[in-house]
Every structure is written in C-alpha cells, then in structure tokens.
Amino acid sequence: MNVPAHPKAPISVENIWIDTIVSDDEAVRNRSLESLCAGIDANGLLAVADRLDTFRKESDNLYHRVRAQFYLAAIYRFFLPKVFCETQTGLLEFDAYQHILHRRFNEAIDVLLVAQANDGPTLAVTSALAKAYHQIGFQTLADQVRRSVRTVRGNQWMFRIGHPSDHPLRLHKRLMEVDPHHRSFPILVERTSVRMDFSHSGWSDIFFLGMDYPEGARVVNAAINLGVYGRDEAPRPPVEAYLRVIDRPVLRLVSVDLGAEAELTEIDDIFDFAKDYLGLLKAALIASGVVPPAMEGCHRKVSELLKTLTGRADLGLEVVSQVNDIPKGSRLAVSTNLLGSLISVLMRATGQVEQLEGGLSEPERRLVTARAILGEWLGGSGGGWQDSGGIWPGIKLIHGCPATPDDPEYGISRGRLMPQHVELDLQRVSKESREKLQKSLILVYGGMAQNVGPILEMVTEKYLVRSEKEWEARLEATKILDQIIDALQDGDIRKVGELTTRNFFGPLQTIIPWCTNRFTESIIEQCRVRFGEQFWGFWMLGGMSGGGMGFLFDPSIQNIARPWLLETLVATKRAMQTRLPFAMDPVVYDFEINDRGTWSTLLTGEQAVLADGYYSIVTPKWLKRDMRELSPQTQRELLQLSSKIRLGNTSSSWLLDRILPQPPKTAEAVSNLKELLQSNGFDREQHEQIRNDLLTGRLGLSQNRLPSQTSISDVELDDVIDLRLANDSDDLKRSVDSQSSPNASSLGYSALVDGRVAVVTLAAGVGSRWTGGAGVVKGLYPFCKFNGRHRSFIELHLAKSRKISERYRTLIPHVFTTGYMTHEPMAKHLDEANRYDYPGPVYLSPGKSVGLRTVPTARDLQFFWEETSHQILDEQQQKIRAGLHIALMNWATTVGEASDYTDNVPMQCMHPVGHWYEIPNMLRNGLLHQMLSEHPQLQYLMLHNIDTLGATVNPKMLGQHIQSGSCLSFEVIGRRADDRGGGLARVDGKLRLVEGLALPREEEEFKLSFYNTLTTWIDIDQLLSLFKLKRSDLEDTELVDAGIRKLAYRLPTYITIKDVKKRWGQAQEDVFPVAQFEKLWGDMSTLPEIRCEYFAVSTMRGQQLKDPAELDGWVRDGSAAYVNSLCSW
Amino acid sequence: MKIQKALITAAGPGQNSLPLQRLVDRDGVEKSALEMIIEEVDASGIESIAIVICPGDEEPYRKAAGKYVDRITFVTQPVAKGYGDAILQTRDFVGNDSVLHLVGDHLYLSSISKRCSQQLIEVAESENCPVSAVQATRESMLPYFGTVAANRVPRHDTLYEVKRVVEKPTPTQAEQDLTVAGLRSGTYLCYFGMHVLTPSVFKVMTSIASRANRPFSLSEAMNEVASRERYLACQIQGTRYNIGVKYGLLNTQLALSLSGVDRDHILSELVEQLAVQPTLSRATGS
C-alpha cells in the first residue's frame, strides 16, 4: 500500500481526538487510545496526526499540549507502522536527528513532517517523529514542574538573591554561643525517618500524574525507623543531619556514609554536583536558601557569604550527613529524606523554621518538602511527591489537590504541585493495628541494582494516553488503596497482605510488567511453599520490586520467618547473581513506625561531639598537617579524641584502619586477574602494542574512522534481496510440499529437514548496555514473561529452534558462544535447566581470546564526549554531566592514560575482544570440528546476536542463501531513528557493511537505508576456505591458529569506550569509561575473495533489544507477541 | 485624637552613643543627631518629649539636646530588657494619651514640604487609631526591620490596614505571609522607625511584659494590636536613614547635604574625590 503525501480524513474523526483532550466530561476525557485508533487506516491516522500537531502548537493549556504530544508519539510509534507497508524504505535527515539530540524538538518535528509530506511515512521518519514527540512531551512536563517549584511561595526569593552581601538570612545566635567550659560550638542534629508506602495507586505520586489527575493521585505511607536485623539493637531514625559553626571561614561538608569530605571556599564549587560524592549536601545548601540558587556563577567567595550569615569574618559552617548504612535502592526514599533532613536543619539554623529544636509545624513540613523537591531538581534526580514522607509523623494519606485560583498552577494544570497530607492518627489506625503490622511485616532489601527512571516515564505516558488495560488497572489500584485503608482501620493485617499482593500481581503488573522480576517471584513462591496460609502476602515498595520489599507473615511465626527469609534471600541471590544485576547481598530490617516525624536536638557542652564515623573521615587529613596549622577548634577536638581513646571510651581500631596502611585487599584480586587473563588467552604482547599505539595516537577513536576522502553512498534496491514479506510464522511445510519445482523455500526446507543447518547465538559479550555495565550474563537475564513466567534470552532462542525442529521434524544443533564472563554461568545454568529439554544438541563454544581494559586517553574521552553526537540532557542534568566529564578526565590523567584498568573485580577489568572472534573461536576450541564429526551433513550456520529475538531458521531465507551460492548472507533492516552503528553501504563503490565508528563523518550514516542486524547465514566450507582450511584440517590446531591469525591481521581493530560499573559501600555504584579494542564480524564483508549477499528482512525479525527501557515499547508494538509466535515452550 | 507627646528610644545596647553624633543639617548648621530628631518632633507640634536612655547617659544627652533640653523628660531604662521594655518605661510620661514614637538611631528626610512625622500624625489623628510609618524595602534588608502584612485601605494610595507584624522575618516567611499587593516582588513594607502609639498599645505591651518574662520587640506587641483593633501603616513620602549601620552616618550626612544649602559645595567635593581616586589607586598600587 502506498500512502499519498497529503492525506485527508473526515473531520469528525480528528475532532474526536481533540474532544477527548479538552473535554471536562470524564467519560470523554478518559477514552482509551486503542478505542480512538480503532478502524482508522494510515491516511486517517496521518490526518489525525496533522490535526493534533496543529492543536498542540495552538493550545495554551499545558496538559492539552502534552496529551496531544503523547498521542502523536503513540501514533507514530505503535499504530502507523502497523498500517503502512515497511518496504517503503526511507532516510532520516541528519539535521532532524541533530535537532533531536540537541533537544530542539520542534525544529526536528518540522523537518520530519516535511520529509513525510514529500515521501510518505517511512519507518525512519515515523520512529524519529515518535521519539521527538515523546521527548518534547516529557520536556514540557519537566519544565512545568520546575516552574511550579520555583513559584512555590517561600522559594521565589532564592532565585533573586545573587550576591552574598544581599543575603537576607542570618545564622541563629544560639549556634554561635561557645560553651564556656568545653569551648565548643553546639551541634544541631536532625534525625529523620524514611518512608514506607503501603500503596501508591499505580505510581500516582509522579508529579506529572498528580498535577493532571489530583483525584487519582493518592498514596498511603508511614514514617519508619529502621535497624538492620542481626546488627542493630533497635530501630532508630536512619537519617541524620548535623550542623555546627566552625572557627574557619569555610563550608565544610562531610558525608559519613560515602566517606567524603570537602572544604569549600568558592561559591561556584557548591554548584558543582558531580565533582565529588557531596552532591546531596550541596543541593541541600542551595535548596535551603543558605546558598541561594541565584548565586550560581557569581564568582564570589564562600567567606563573604559566611560573613553576612554569621556577622563575623572568622566563622564557617560544617554540615554532616549520615545514613545508618541503608543501602542505595532501598525503595524507602532514603536520599529524599536525607535531603529533607539536611534542608530542615539548615532552615532551622537560619531561622526559616521557628523552632531550633523539636518537630516541625505542618506549614514548615510542607515548606521543607517543597525545598526538597527543588533540591532534587537541582541534583538532577526527581523523586515522587510522597517521598518526603519521613518528615511527617506516623501513617498518612497523601493526596493530590485541585489547583485553586490562589495557586500558581491554576489555569496551567488541574492539580497543584504540592499534595496534602492527612495523618491517619491513632483514632483511625489504632495502636494495636500498628503493633500487629510491625509484628507481621518483614522489610527487606533484596539487593538488586535497579533504575526506576524508565518505569516512571512509562507510567506517565500510559496514563496520559489512557492506554485501555492500564487505565482500568489504575482505577482498580485506586480501589485497592481504599480497601487497604479500611483494612488498616479494622486492624486486619492479613487483609492488608492480601490487598498488597493483589495490587502487585494485578494492577501494578498490568500497568508496568517490568516492576516484577524472576528474583522477586521466586522469593514469593518460596514463601508460599514454606509457610502456606501463614504467608500473608507481598508488598512492593516504591517504583519496582527487587530492592526494598515487604513480606507479611502470621505474627506468630515472625521469629521463624525472619531468619528463614534472610537465608532464602541470600541463597536465591547467589543462585541468580549471574543472571540479574545485584548491587549487594540482601538485608532484612527491623522497623517501627515513627510517630513524631523529623526531630531536632541541640547538643551542647560535652554532648557536642560528632560520631566516630565522622572522625574516621576527617582525622587522617588533620593528622597529615602540622598541629600548629590546625585551627584551635580542630586542635581541641583532636585532644578530646585522643583522651577518649586513651580512656577506652571509644575504639581506636577505626582510626588505625584509616591512618595505617591496610593489607592490600586487591592483592588476591590482582593475582586472580592474572590467572584469569592467562587462562582466557590474553595476549600480553598484543596488549602492549595496543597500549603503545593508543599513547602514540596510532590507535584511538578518531583513528577508527575510514579516511575522509572515502566515498560512502547508499545501496540501490537491487543490491539487496528483499525478504521483508517472508513471514517467519508461516507454515512453509505445506506450501513447499505442494510445489513441484525447486525454489528458495524448498531448497531451505530440504536443507532443514536434512539437518544441514545449525544456529549460532552470540552470547560471549557482557551486554554492557543492557545492564549498564553491571557485569551479568545478558543471555541468562530473565527479561520478559512468556507463557506465564520470566524467560531468559537463551531459553527464548532454544524455544524458537524447538518450534522449527518440531514443525519440520528435524533436529537443529544450537550453539551459544561464550566468553570469560559468560561461560561458567551459562554451562551451569543450562545443566540445571536440563537444557530446557531442547530436543537437539546444545553446545557451548567457549571464548579463546580476552583483552584487558585500559584507562582511556584524555584525547579519546574528549573525542567521545565532544566530537561524537550524544543526546543532550535536560538543562540541570546536562550541567551535572559536564561536571562529571571534567572529573573523569582528571581521573584518566591522574591514574595514567592507557594504563591497565585493574581497580575493580577481575571480571570487570577484562573484556571480550569483539564478535568477530566468536566464529574463529569455534574453530580454535574444536567445537566446529566436533559438530562436523557428529553431524557430517552440516553445511550452514545461522549466526545471530543474543538480542536479535526475532531471528529464527526461516527456510525461505536459508534457501535463498543456498541458491545465491554466497559464503555469507547478511540480514539487514530498514533503518529507524535509534538504529545507530553503521549499515549497508557502497564504500568506494564496493557493497559492504560498514561500522558506525568507521564512518569518516557522522552524517554519512544517515545516507544509509539499511541497518546491519548481524544475523548471518554462513556456508561452512566456503568460510573454512577463507581461513585456508578444509574440514579435515580442523584437528590441526597450528593450522587453525595460523589461518585465524592471518585473517585477523587483515581486519581492522577498533577502539571503543565502554561504561563499567564499580560497586562499593552500601550498594553504591560508580560508572567509569574504559577503553577496549574489538574486531567486528561485519568487516568480513570487506574481504574481496568471498561472495556476500544481503537480505532485507522485516523489522520484527531483525530488530535488537539492547536496553531494558525498550522492553515496554517492544511489548506494546507487538514484537513480543510476534516473537512468542515463533516459540514452542 | 490629638498627639502632643513624643517618645524617643535611645537605650539600645551599643546604640546609645548614636544620637550624640554630630552632623551638618540641611541649612549647613552643625548639630547633634538628637537635636535633629527633636527638631522633627517639634516641627509637628509636639509639646513634650521623653527620651529613654541607659543609666548614666543623661548628661551627654542633655548637652546634645541643645535648646530643647528643657522640654525633655529623661527616662532611664535600668536594665537592658529589650525594645518593648524601653517603651514601657515611659508609661508614666504617656499616661492615657497617644504618643508619637521615634527611634534614636534614625534620621528622616521628607520628600515633600510636610515633615515625615507630620504626615504620620495627620493620618493618626484623622483615622483615630495606632499608625506605623512604613517604607517599601528590599528583601535583603529584612534582617534589620519589623515587617508588616497589610491590605491597602480603599481610596488611599499610601495607607494600609495591618494584618500581621513580624520582627526581622526570613525572606521565606516574608514571601509566604507578608507580601503586599501593589509592591514589586521581593519588596516588603518595613517599619520606618516612627509610630503613633495609642493607650491600647501600651496595654498590650504591659500584658506581654507580665506574661512573658523575656525581652520583646515592638513588632511583637504591634502584631497583637493588629489582631485586636484597627491598626494602620502609612507609606511616608520621605526617606529614613539608619545611622547605626556601616556607613550609615556618612550616607545620612550626604543625604542631608545634597538636599540642603550646601548641595553644590558637596557635589563639587565629591566630583573632586572621584577625580582624585584613580591617582590614589595608582599611587597605592592597588
């Protein structure tokens, strides 16, 4: 079907969409996206899109605009591609892509719409339009939240005070009163609990939801004190913020948990969040108004500011944060409550809160919350509006509020930015009910490392377009919240457990299937099996499960359940830690409800001492200096510390640990690394050569590129064999049986039936994009539920081969290539899973080459960050990223450019050397020889990437490959906006695949219609001859090695920068860019002596799933259902 | 209401010497700040004046009062117990009358022919209620002044009905509770250092003093007054000068001289200073 360039549809259809957006009638406003799209053809959808685009430009109502933008994103992403024919290839204009990267979304949309008007809709253009509309929607929402935060009364002045002399705050006099006896300044300490939510009504605490749907934005949460089971004597407020005056005119910031300390003398340094681990303290200083945001870039000294604040030129301030070792990702909003605690203590100290000691009044809590929201925005994060729940006491219902004429949001959004808190006091939830809850609920930290950000975006979008199932689920979640409140009031905790479980398995998973995972469900299952009726239910905390979670048991068995649960969590984590990313071992908490909210105390005299943890950070620095250089206050503190240690009032071991050298913990790791490198075929000589080339500039990111005079052009249609309409789901058997003359399909069918083909799935890589560099085995990641349970990538690939085997009554050998990191776990897992009862042989091909990562050169980092295109982030996040880049550049030059990267666990220091090596590895490790011995009829391999989920042994494609007589047939797909990384091109006239990093100029990629899927049909004998080998030579390792070396030498080596995570402390993670080298399979197409063919295949078959954030769209656009149809479970 | 009495407070710790500073007035005559304050009061038709001073300050104040000394009642605040207490010391002097109150560390320059105190007294007498002079003030100056939340009185451009008074508020509180319609953002109505206090104000202050055994400010008392009776704020056409802050005396002197007979002379001096300044900078190497 060809779609004309300027379609028109009946006006009424378009108006239904606009009516849906603007209507005050709920029934109309809540019409689902699916019902709106039903029965509209491509022309109709284009006409609707045209009308919506005009509407979004003209509308002055924020949410009307945003809804139109999300409708447009959904039309272009999910609906239009289904109703036009994807054989219409097209190109994406480089300008449009650049506009998107630089957040010039309107400009990008204009360019793309002109292209669409000229050429009709193509995948390239529709995918880019979907991306642009999606991002402009979120940008519009984020801008509004930012504006609202600024316009909250009590926050506005901070955006006007730009000079320290104009500062209108003064430090509380009591904080400057020196104790006459101890000669110390008092310490103001704020102790704050964290929040635990009972239900958030389907993530209705996202600002964007609350501001559009105040009626549905409802959360019940409680402030809780925490202790770690087995470690702490009793629960206590886990968050503490300390403030005191010091006798030097500097701002000293200390984070006890992160072991970080800094003395700031320049105001500009306070706005550099990425420089150290003190970003949260800096955000608190700014959001509390102590350093107003308007002072950013004022180039003044901190001492000037302090002089205005204290009235004295010789005094400074110290702020210390401490979290009671609660891991990051606890889903208890630790960081928001710490921010709130810090802001509260700073506001008390500057008189913005009336009482220096004690609790906060309701308006003050609201103000602290508003400032915490501001702080989160400044720090580049963004919590939900319930997250400051630890500031408030006890259990409360938090709900959205319609905006009234007095609110700055009035006329802009239906709801206010700030929610209302209604305490569920002892009258409503009795003391007995609370105690019963405490005896029933076991809070845990599951240990999984997670990123909730994409989930929050998915929720917002699905809400705004009213996706049918999700909207119904949201309404159900709202009802469940009411029932939870009723059950709490009735003291029926068992009922609470039933409801939270129903919430988790019902509405929450309907809205976001990704809020659950194999780990969580396994624990729930084990609880059910072990405790039966006495297991009362599961409780998801925060945005997703796997981190902070709750399990409810009959109170009479809590003492048995608690140790059992800890043991089970740890055992399950150990069993799954190669499959799912865990940041640390699970933890079980003790908790109690905090009934007084955040609380402050002024410590004076001998009480005015900070914790040991604080001194363990600052003392080593003090001791390095001459005593006479230290300020009198510091000298006194050192003396006091010394007497305490002498008197045995405090342990000295922590001090010794900090100041004396420790036995190197990494010694073992380094020797492990050496052994691992040796046993995995590390070539030291080659490594040194690469290091030398990196340092001298012979290798590097810019050297990856082909010479600038290279001519790159797009292919002609007859350069590819168009197989986009060959349906993998068709039952070819019947049609082939009925055909008399041989054709491609029957050739493929015969080869399949004769057992002449095997599948090779590339699974040696570490899937660094999938796991964000966490170092787990992507192939084993149970990423999506099929047929009732989570399935991993390898299980899915075997299920496809099983279906083909069953359909064609044949056995397909299936090979998974593995690497140093993936081999052991995969072998173990396949054994444990009994190879998923796959009927044919399953082989593992262990890697025989490994590299050692190096610290990148500053030149490469600069090239990577500044000369290649990246998505520019939102303004504040971009500032933080820029600061981080400076810090990482310093790291690279300080540690040593191109030096070995060894400061991490060994597995994270090594790297696979590119997928080119994986077929040669099959030669080198003897697997191919074994397979050919066991299956001498084997002639063809279908090689594909682990994340190409639609790749299956299609007889028509196999037949096409056989018919063409080529050595390699590569599958390519029509390029979409996010398909970056090269493609099929004519390079100086030769048809070949070209890697994105080899293209002389970035814009060349946008000339190429087809993207390389990496799926390759291989003629085994022709391939062997390329290595100058025959089947009979495969036993001769020397011949094999020589063949591989010679060919490898002819192929380019690329330098790439990858992100690698380093874990430390309580589930903290740092991400470092590291350099590694790779040889890539696509470059086989450059060899002149072999014949290559190129098949254009459907997107469903060829697309890759690289990032968990893509999963939701992958399900919604029908890809998951399509893949499922290829499988036999 | 007829205002015939005035009280001036000059007993603040560290501030008691300020009224004794000498300046040159608009007419080019050198006199003490105290004398100028008394002139302001005198010009408004006030007959008797009380000055609250620290123990032992009477002699220098007598000297500084010049020709007005015989009309002055000196009241000593025995212990420094705050601003509110200082005013309360004049209970006997005030009796059951309304009184004009000025602070001893401020000087006032009217921008119209009527003196600042005269403007205030006229309002108090016509409205028959306590009135405080106020001035629109930038938020950076909030740490120095009492600040009012008020609604404009219909058909009056410069008159406000006070709802609340907060002593030296933080900008956070000011923005939440003390914004006044018609004022530019970040600007608040702050005390001018001049009030007309009625007997009811003294009652409130007496009551606060008896129940709160601590120093209290006039703002605290006026906040209570605002909740009990009609209390107005009047935006005065003039400027107050606080001689107690850094360069306060210099600024006050400049303002006086530039609005008086020596304007040309002072301007010439200033221009000369400005012209000399670069040479000085170079000479000192700075």
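What is the mean pLDDT of chain A, and what share of its residues reach 70 or more? The mean is 89, and 95% of the residues of chain A reach 70 or more. The model is a predicted one.

**Confidence along chain A**

**Helices packed on H8(A)**

Helix H8(A) spans residues 123-151.

| Helix pair | Axis separation | Crossing angle |
|---|---|---|
| H7(A), residues 105-119, with H8(A) | within 10 Å | roughly 155° |
| H6(A), residues 94-101, with H8(A) | within 10 Å | roughly 25° |

Take H7(A) and H8(A). Their axes come within 10 Å and cross at roughly 155°. The angle is over 145 degrees, so H7(A) counts as roughly antiparallel to H8(A). The crossing of H7(A) and H8(A) is left-handed. From H7(A), the residues at the contact are Phe105(A), Ala108(A), Ile109(A), Leu112(A), Ala115(A) and Gln116(A). They meet Val125(A), Ala128(A), Leu129(A), Ala132(A), Gln135(A), Ile136(A) and Gln139(A) of H8(A). By class, this contact has 10 nonpolar and three polar residues, and no charged ones.

Now H6(A). Its axis and that of H8(A) come within 10 Å and cross at roughly 25°. The angle is under 35 degrees, so H6(A) counts as roughly parallel to H8(A). The crossing of H6(A) and H8(A) is left-handed. Ala96(A), Tyr97(A) and Ile100(A) are the H6(A) residues at this contact. On H8(A), they meet Ala128(A), Lys131(A), Ala132(A) and Gln135(A). The contact of H6(A) with H8(A) has five nonpolar residues, one polar and one charged.

**Positive phi in two loops**

Arg466(A) has a phi near 50°, a positive value in a residue that is not glycine. Arg466(A) sits in the loop between helix H16 (453-464) and helix H17 (468-490) of chain A. Is Arg466(A) buried or exposed? Arg466(A) has 22 other C-beta atoms within 10 Å, and the cut-off for burial is 20 or more, so Arg466(A) is buried.

Lys1028(A) also has a positive phi, near 60°, and is likewise not glycine. Lys1028(A) lies in the loop between helix H37 (1020-1026) and helix H38 (1037-1050) of chain A. With 13 other C-beta atoms within 10 Å, Lys1028(A) is partly exposed.

**Arg191(A) in strand E1**

Arg191(A) belongs to strand E1 (residues 187-192) of chain A. Arg191(A) counts as buried because it has 21 C-beta neighbours inside 10 Å. Which residues does Arg191(A) touch, leaving out those up to four places away in sequence? They are Pro237(A), Glu240(A) and Trp599(A). Gly359(A) is 168 residues from Arg191(A) in sequence, yet the C-alpha to C-alpha distance between them is 10.0 Å.

**Chain B against chain A**

Chain B puts 11 residues in contact with 15 residues of chain A. On the chain B side, three of the residues are nonpolar, six polar and two charged.

Terms used:
Residues numbered from 1 in each chain as written. Chains lettered and ligands numbered in written order. Predicted model: local features only at pLDDT ≥ 70, side-chain atom pairs only at ≥ 80, totals over all residues. Contact = placed C-beta atoms within 7 Å. Nonpolar A, V, L, I, M, F, W, Y, C, P; charged D, E, K, R; others polar. Axes fitted to C-alpha atoms, helices over the stretch in contact; angles between N-to-C directions. Helix = DSSP H or I, 4+ residues; strand = E, 2+ residues; numbered from the N terminus. Parallel < 35°, antiparallel > 145°, perpendicular 65-115°, else oblique. Left-handed = near helix turned anticlockwise from the far one by under 90°. Buried ≥ 20, exposed ≤ 12 C-beta atoms within 10 Å, placed from the backbone. pLDDT = per-residue confidence, 0-100.
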